[in-house]
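Please consider the structure shown here. The paragraphs after it are written for a reader who meets it now.

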Amino acid sequence: MRYSAFSVFLNALRGNKGWQPAWRSPVPKNHYDVIIVGGGGHGLATAYYLAKEFGITNVAVLEKGYIGSGNVGRNTTIIRSNYLLQGNNPFYELSMKLWEGLEQDFNFNAMVSQRGVLNLYHSDAQRDAYTRRGNAMRLHGVDAELLDRNTVRQMLPFLDFDNARFPIQGALMQKRGGTVRHDAVAWGYARGADSRGVDIIQNCEVTGIRREHGRVTGVETSQGFIGCGKLALAAAGNSTVVADMVDMKLPIESHVLQAFVSEGLKPFIDNVVTFGAGHFYVSQSDKGGLVFGGDIDGYNSYAQRGNLATVEHVAEAGIAMIPALSRVRVLRSWGGVMDMSMDGSPIIDRTHIDNLYLNAGWCYGGFKATPASGFCYAHLIAGNQPHETATAFRLDRFSRGRMIDEKGVGSQPNLH
Amino acid sequence: MASLIACPHCGPRPKEEFTVKGDAAIARPAADAGEDAWYAYVYLRDNPRGRHKEYWHHTSGCRRWLVVERDTVTHVVYAVLDASAQGETA
């Protein structure tokens, strides 16, 4: 059923008894042309674009939990394309363009809200760095504006402009950035893929990968063996666990990142705002809760929960930026497992096995990349050629010295 | 993560005193070991879901390098040794 205002009206008249599940719960077939390991945002988007753009519909998405239980439901919902480097910027801008048309495209209300992302700067040097990044964005055709202190003060009067250590001098703004309702992204892609024939199989954990003559023939799962023509990994924080099944060692460590939401408040933060003197980013959801986060906890972890020390650190950074937060009560916090790569940038590539594909290393920037990641991965799986915006995300870039290190901290994953 | 790390020199200390360096299995190759060995040393890490040995530096304590063996799912700490006791230094 196509969703529309009319369908809502009609179903209301019929007592809302006509709604169908948004996707099926199929029994896995014996064989698929493509199996995608991981039913997160990226895996579902890949299946959706494989079916819609590349006509490959004999596809299964295997998810060990339920749809939306992983990082796609565990982030701070921010979208932006304010990247500096050549290898990243066109890719994230493709993602932004896909976000802009996404709801019409997959006929699902994802609450895409381009409310603007502001990165605050606190020193002359930081202003210069942001100017450089803004110019790089504009050269790539992406919108960027450098705001001075008074303009920011008019927009966000509650910030601590005269903080003794980190006075706010201004901000780099990307107006087209914003937030998206993350669960709806998973559901919308799942529904769109399912309606085109993709099987979404939940509670189906991959436990092994079967190979013959140097090719993958299928996967062992908690629901038995399933054969495939091509196998596409999109397992996020568990990427190295799955890669281990084919003796592939990845330049990735798994770390836990926490996020938080406060009690509902009257509207006061209209944009997404990030602190330039510490790691803190905040927006206000349509329900009124402040959604915010900070750094990863800093140690390898597969536990979807974090540590109190990081909670304290995030709260301190938040209060340094917005003193009024000091009496806000936190409603919930949660943790997600991030596949932290050695240069802070992702991998969308083929592997040493002919019909095995890899999508990993998203660090904690995966959510905003969901549409482009799915699109580019589907492009790679369908035609064996990387999409033109994703040619730099190679698995061998580390050994070739072609890192994409936005932050410039080197191969220390817990610093990215 | 456990809140306390039992430093062999200082006793149980809050884990915020420590800096995590990561995988303790990597060993620095010889200078002429070749590109593959150096690539592996710089970029590849063990990332097990379960028991893992890591270098931790007691930055705000004795400033010794330690090897912490712990579980990356349950966060249980099994053992903490001085790195030199393992015959290695970071």
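This is a predicted model: local features need pLDDT of at least 70, side-chain atom pairs count only at pLDDT 80 or more; totals for chains, interfaces and linings use all residues.

Residues are numbered from 1 along each chain as its sequence is written, chains are lettered from A and ligands numbered from 1 in the order in which they are written, and side-chain values use heavy atoms, with hydrogens and water left out.

For the complex, the predictor gives an ipTM of 0.92 and a pTM of 0.96. The average pLDDT (the predictor's confidence in each residue, from 0 to 100) is 92 in chain B, where 94% of the residues score at least 70.

Over all chains, a search of the whole structure finds 0 disulfides, a disulfide being a pair of cysteine sulfur atoms within 2.5 Å. The cysteine sulfur closest to that of Cys62(B) belongs to Cys10(B) and lies 3.7 Å away, so the two are too far apart for a bond. Cys62(B) is partly exposed, because its relative accessible area is 26%; buried means under 20%, exposed over 50%, and partly exposed in between, with a 1.4 Å probe and protein chains only. In chain A, the sulfur of Cys204(A) is 12 Å from its closest cysteine sulfur, that of Cys228(A), which is too far for a bond. Cys204(A) counts as buried because its relative accessibility is 1%.

Val8(A) lies in helix α1 of chain A, residues 5–13 (helices are DSSP runs of H or I with at least four residues, numbered from the N terminus). Its relative accessibility is 48%, so Val8(A) counts as partly exposed.

Definitions and conventions. Helices (H or I, at least four residues) and strands (E, at least two) are DSSP runs, numbered from the N terminus.
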